[in-house]
Amino acid sequence: MHRTLSRQIKKFFGDNIPSSKEWDNFINSISETYAHFDEDRTLIERSMELSSKELGEANEQLKKNASTLSLLLNSTDEGIFGLDLNGNCTFINKSGAKLFGYPYEEILGKHMHSLTHHKKPSGDQYSTNECPIIQSFKTGKGTRNDNEVFWRRDGTAFQTEYSAYPIVDQGTIKGVVVSFTDITKRKMAEFELMKLSSVVGQTTDSIMMTDKDGKIEYVNPAFEKLTGYSSSEAVGQNPRILKSGKQDTAFYKALWDTILSGKTFHSEFVNKKKNGSLYHEEKIIVPVRDNQGNIRNFVSSGRDISERKAKEEEIKLKSDELERFNKFAVGRELKMVELKKRIHELEDELKKAAVK
Amino acid sequence: MKMEQRKWTQDSGWTDSSKSSMEGTSQFVLVFGGTKVLKEQKHFDSIKSFYPSADIVLCSTAGEILDTEVLDDSIVLTAVSFNSTKLKFAEAEISNAEESHESGKKLAESLDKNGLVHVMIFSDGLKVNGTSLVKGLLKSLPSNVSVTGGLVGDGANFKETLVGLNAAPRQGRIVAIGFYSKNLKVGYGSLGGWDNFGPERMITKSKNNVLYELDGKPALHLYKEYLGEQAKGLPGTGLLFPLSLRMKTDKGESEIVRTILAVDEKEQSMTFAGDMPEGTYAKLMKANFERLIDGASGAASMSKESIGEEAELAILVSCIGRKLVLKERVEEEIEAVRETVGKKAAIIGFYSYGEICPTAASEKQCQLHNQTMTITTFREP
């Protein structure tokens, strides 16, 4: 019998405990109920204890995860921020806040488009309807962009490359995460490169770039004009498409030995155009090295000297003729001198004979 | 609609062993009983002699319900004679859970669809994956036909669950009753009353309705830890902590409750009454006494809502887990149902291993539930 019940019976009945089958059944049933309540209480106490221990551990783990996550987020130099469905900032890492020039606390909860993305690079107003970040909430698709600017707290702008991807939880879009970098320097380098490449494009010298094995990677418009090969025809080919056969193997060996040793090769070539005609080219081939100092490419710059060569040939022909004429004239002169000398000798002989 | 109820207990035998006034008119007898007693041919023979012309459906239980009384190892029955409603029956054999979908489909296919308004299904509670059975049923039933019923029980033993149609019941059987009528009103409702507690855990290893691991740890170990002393009562005591699954459905996320049917010490696995998909989040649940009782009367209200008037017959399918928790107070949930359905309704039911019912009174598409009180009410003008 349940101990509480047996104490209670003793308290109320003393030793005069009623005795009958009904009474016993009744008491047993109450005793069983007491026992069941005990079982229930034990079970509830046990599960409360276990569950609170488990929840405590889960909480610790969450805290740990959160601090690892925040450490990770704050250890990258890339800016990362999150937006809720209203476009308000739910978190931003240190680099992000620094890039915008705001203290972390000041940026949290703010409408990020109004704060950092409200104007276009031109200075015109940038509406949220056009903003790819805001649109990614609606489309559920990510976006990547490197043609926009973000605005700093001080009113200046920086060129940025950003990617914005929807945060999807159990099939529902909960917000957007944006990661971004300041690409002002890269944009400037790109601009420098663009200037350089426009020079290459517009120069009248024919320029060709090959990889280390001699496969053509680039030709400029002047090359196309000179050789008759279009860029698409030339790229992927070997420069031997221009070979005229006028240079011997020793010439090419010297060329490769020079450039593979990292030196510049400078010489005149006779090359063949696509239409089979030959042309003279004064060419300089320069090896290009990567950051590690390994030769990655060869760039050749050539100038068509066929005209000059033709003129030189003409001059040579004329001077040869002159030479021949000169030789002829000089020969005649010498002969005249000889003849005059002979005449004088004869005259002298005649005079001597007359005196005798 | 005429009805008559009887019960048999070990101590008192049949409450009324006289000939029935419905001897020649009863169409259908619904019988619920303890596994051991229901197996005895003599009981079937007695019932057959009371109602020789009726179709008899028998189900083993984890507790019988008659009026507001809950009994064990007894037999309770309700004989019914409808005014105009016709009934048709279908039955299927099943030997393992893999066949559940096909069995459901076959049962539905073999029922005549013309004039069909409602189907009640009583299935073996251990060899069946209830989720698949329901899916199979729905596949071949018109969408305007509602389905209710349950997976039958075997006390807290989980050894053999029996279903029979016009014969002593056997294991591995499923019986479907089709109701054909122009004016029969059918109401139904299903509610739980359990609360989630503790951390959310991910199902990391499972196969269909067999669960191996939660958060990479053996699920059985977790249950033993929580049950303490009561772990020796597994799988029965596992019902004290059902699992609530956060499932993705076509309509978004919904919470589905699953109860334990079996444990396998060797495999360290637990078999549940429905699918346990990997990647799904689960939480332990515990009973809230008040809410269990509220749940029962809530289910009764739902069934009343769809029937509009007072019911004549109420068939209750309540989860064994509720009985294990409510213990001596289990009848309180039946009393709560009685208060709502009204005094006139004949109440019969059983404690089950799974309940089948639409989620709302306005819906027809049924689902497998666990840990709920599920009520089907009938009224025929």
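**Exercise 1. What percentage of the 381 residues in chain B do buried residues make up?**

First, the ground rules: this is a predicted model, where local features need pLDDT of at least 70, side-chain atom pairs count only at pLDDT 80 or more, and totals for chains, interfaces and linings use all residues. Residues are numbered from 1 along each chain as its sequence is written, while chains are lettered from A and ligands numbered from 1 in the order in which they are written.

Step 1: call a residue buried if 20 or more other C-beta atoms, placed from the backbone, lie within 10 Å of its own. Step 2: take the share, and you get 55%.

**Exercise 2. Work out what the contact between the chains is made of.**

Step 1: Step 2: chain A puts in 13 residues, and chain B puts in 13 residues. Step 3: sort the chain A side that touches chain B, giving four nonpolar (Ala, Val, Leu, Ile, Met, Phe, Trp, Tyr, Cys, Pro), three charged (Asp, Glu, Lys, Arg) and six polar (the others, Gly among them).

**Exercise 3. Trace the partners of β21(B).**

Step 1: strands are DSSP E runs of at least two residues, numbered from the N terminus, and a pair needs at least two bridges found by DSSP. Step 2: β16 (residues 210-214) pairs antiparallel with β21 (residues 269-272) of chain B over two bridges, with B:L211 opposite B:M270. Step 3: β20 (residues 260-264) of chain B also runs antiparallel to β21(B), joined by four bridges, and here B:D264 sits opposite B:S269. Step 4: check the hairpin of β20(B) and β21(B); four residues lie between the strands, and B:Q268 takes a positive phi near 55°.

Note on methods
Contact = placed C-beta atoms within 7 Å. Buried ≥ 20, exposed ≤ 12 C-beta atoms within 10 Å, placed from the backbone.
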